[in-house]
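The following questions concern a structure of protein chains.

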Amino acid sequence: MFLNIKDLYFKYNNSKEYTINKLNMNIDRGDVLAILGESGSGKSTILRLIAGLEEPLKGSISLNDNILMDKNTFIMPENREIGMVFQDYALFPHMTVSKNILFGLDKMNKKKKISRLNEVLKLIDMVEYKDRYPHELSGGQQQRIALARAIAPRPSVLLMDEPFSNLDADLKNKIRKELKEILNKADITTIFVTHNKEDARAIANKVIVLDKGIKINKGLVDNII
Amino acid sequence: MISMGKIRKNVNLWSILSTLIILVIIITNLNIIQNLFNKPNDNWTHIREYLLKDYLINTGLLILFTGVISLIIGTSLGWIITVFEFPLRRIFKWALVLPMAIPPYIGAYTYSGILDYTGIIQIFLRERLGLTINQGYFDIMNIPGAVFIFSILLYPYIYLITKSFLEKQSSSLIENGRVLGNNPFQIFIKILLPISRPAIIGGVSLVVLEVLNDYGVVKYFGIPVFSTAIFKSWFSFGDIDSAIRLSSVLLTIVFFVLILEKILRGRKKYSFSNSKIRPIKRYKIKGISKWIVFLYSLLILSLGFIIPTLQLIRWSIMSFTSVLDYEFIRLIINSISVATITTLLIIIIAIVISNFNRIESGLISKIYSKITSIGYSIPGVVIAMAVILLLVKVDNSLYGVYKIFNSNTPKLVMSTSVFMLIFAYIIRFLAIGFNPIESGFDKIGKQFFEASRTLGKNVTTTFLKVDLIMLKPAIITGFILVFVDILKELPLTLILRPFNFNTLATKSFEYANDEMVQEAAISSMLIIIISAIAIYALFSLENKEVK
């Protein structure tokens, strides 16, 4: 078990019901897991809990046998080594593409930084866009940059929140293929959430179906969908 | 049970600093309440029996009439500018805010100078037209006069808020009204006024708070109200207890105003959640209506800005040789340096608390936000008392520490230095810097912050590398607003300035009180010019952002 979530409970301040209700799940290294559910099912909340952006009421999360959180421990998001691609990408508008990607590479020396920057730019096939600002890119390009920024620091796990929700239908098929290729090349354990079965089928090898914060099904993509 | 993880997650530099600042604000204000429990003295019995009624009636009249008149001027101008197309509308749009650049005490002595026996109007009537003038007609130094000064200089609070509210409304509202057979005035009364009610009431309550805070106008006009009475009890009679009791009555009025505001605003929050609204399309009015609207705007602008400014320019020309000297340069340095230092501190504090509030975003952050904003509702005279009482106490307890550094130290160190003034400014004007910065953070949202955290940056590095740059427009807005307010501030500065320390505001007030209105003109003009530039800068900034 690479990522292990045990008896996890979570509730937002203004809500009476649990958003996440006694969730248990395991992910193996190299898996690409889709969390499938309707809006309001708590699927994005799971990503936020794994990233450390929300704090669960009870339960534990561990990654590669290191505890990220339990009743005595809470590792801050910046120390979890987990990459995240946000639903609306959250590219820093005042930084160029290169600056956005270099942002998470502070711990490397200058030479390594530049080489990693070029490596991920090549991976997403956007080398020539490195001096552009986010507003000068299309939606699909912004998404690729957000992905490059998230994987550049070599996180242990990559989280993606509704990666296709901001793209129009024509673009979706193309980006799904590209994303699958990039994830394969990058060889990174990935969890993404979606409400679209096609997204799950196209990219994931495993899937969890979620309803009202409770896991109702899990397994290999081909068996579930 | 609070886990260690939770404590570690929530305790950081931002939360500690915010909590410390909030505690200082609370302790300062609690001083007033604590002293209320002392036994009342004879002086207070006298005030309660013979004077309190007058203070209450005068204060009531001032806030009632100023509230109503500035409401009429502010909303009508907000409506005209948003809904009609008429000559020079674009200039009026921002120029109608300019009266805000004239502090009411400067307006008060300028207008009484214009209208008195040796003023330009009476000279003209007497010498050119040969008229004998009944002085009673020209006496402005009374309650109606003060209402005029307050209304004509403070209406921009309501104008601005109404204008920006109406600008955000949809054209379909007006078009629907027209299709249903209403003329523009009926639409204003039946549709626009009711939907703008919460915004307008917010503006009126700001005006009322400004009137309650005022010391300069009522002192110059000799109208007995709370601020002048507190001043007198304390400085003329040395009676701190009565001053505190008067302050608490004044504070009760302030809280009454705030509660009334809440009730009148109600739960109605009209705004469009649909982002595709079509902004209001302006009517092109023709014929006589066009000129009525134009002349009305021009009249208000003239009364609120052009006339007093022209008079001040004339006086400045007459008096500059006697006023412009080394002492005057010192005044400018004092004013600018105190305003700059305080504004910087306020902006830093506002950033710390609003960043903490954004990260925390729970009940605590709501409470912190309210406490931070409280100072602007409390009249300057009351804050001055609270700060003196607190710092004298602090000085007394730190006397031992002072002695370690300097064996000949006087007992009162902080409470006799400019530190006390800066401290009081911070308590009073924190809300002015806090509001734009808090809404700046709201606008940015949390997503960039969270993205930065998942990329390995802690709260502070995220703030420095991401938030600070994106927050720049809000910081500039906050800086300008606070800076101008401090430059104009009078009651706090008069009470708390160190011995022999004058600012442009205190000096112009002193000159005017010594019947040297012409000498007061240059420092007043400087305040007005700086404030007017600031207002223009804010307008350009806003337009740039909209684009």
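Q: How many residues of chain A are in contact with chain B, and how many of chain B with chain A?
A: This is a predicted model, in which local features need pLDDT of at least 70, side-chain atom pairs count only at pLDDT 80 or more, and totals for chains, interfaces and linings use all residues. Residues are numbered from 1 along each chain as its sequence is written, with chains lettered from A and ligands numbered from 1 in the order in which they are written. Contact requires C-beta atoms, placed from the backbone, to lie within 7 Å. The numbers are 25 residues of chain A and 20 residues of chain B.

Q: Which element gives the largest share of the side of chain A that touches chain B?
A: Helices (H or I, at least four residues) and strands (E, at least two) are DSSP runs, numbered from the N terminus. The largest share of that side is three residues, and they come from β6(A).

Q: In what order do the six strands of the open sheet in chain A lie?
A: Strands pair if DSSP finds at least two bridges between them. The edge strands, each pairing on one side only, are β6 (82-85) and β10 (214-220) of chain A. The pairing in the sheet is mixed, and the order is β6-β7-β8-β3-β9-β10.

Q: Which residue of β7(A) stands opposite A:M84?
A: β6(A) pairs with β7(A), residues 157-161, in the parallel sense over four bridges. Opposite A:M84 stands A:L159.

Q: Is α8(B) roughly parallel or roughly antiparallel to α10(B)?
A: The axes of α8 (residues 156-167) and α10 (residues 184-213) of chain B come within 8 Å and cross at roughly 150 degrees. Axes are lines fitted to C-alpha atoms, for helices over the stretch in contact, and angles run from 0 to 180 degrees between N-to-C directions. Angles under 35 degrees count as roughly parallel, over 145 as roughly antiparallel, 65 to 115 as roughly perpendicular and the rest as oblique. The crossing therefore makes α8(B), relative to α10(B), roughly antiparallel.

Q: Is B:E515 buried or exposed?
A: B:E515 lies in the loop between α23 (504-513) and α24 (517-546) of chain B, and has a positive phi of about 60 degrees although it is not a glycine. A residue is buried if 20 or more other C-beta atoms, placed from the backbone, lie within 10 Å of its own, exposed if 12 or fewer, and partly exposed in between. Because B:E515 has 11 C-beta neighbours inside 10 Å, it counts as exposed.

Conventions. Two residues are in contact if their C-beta atoms, placed from the backbone, lie within 7 Å.
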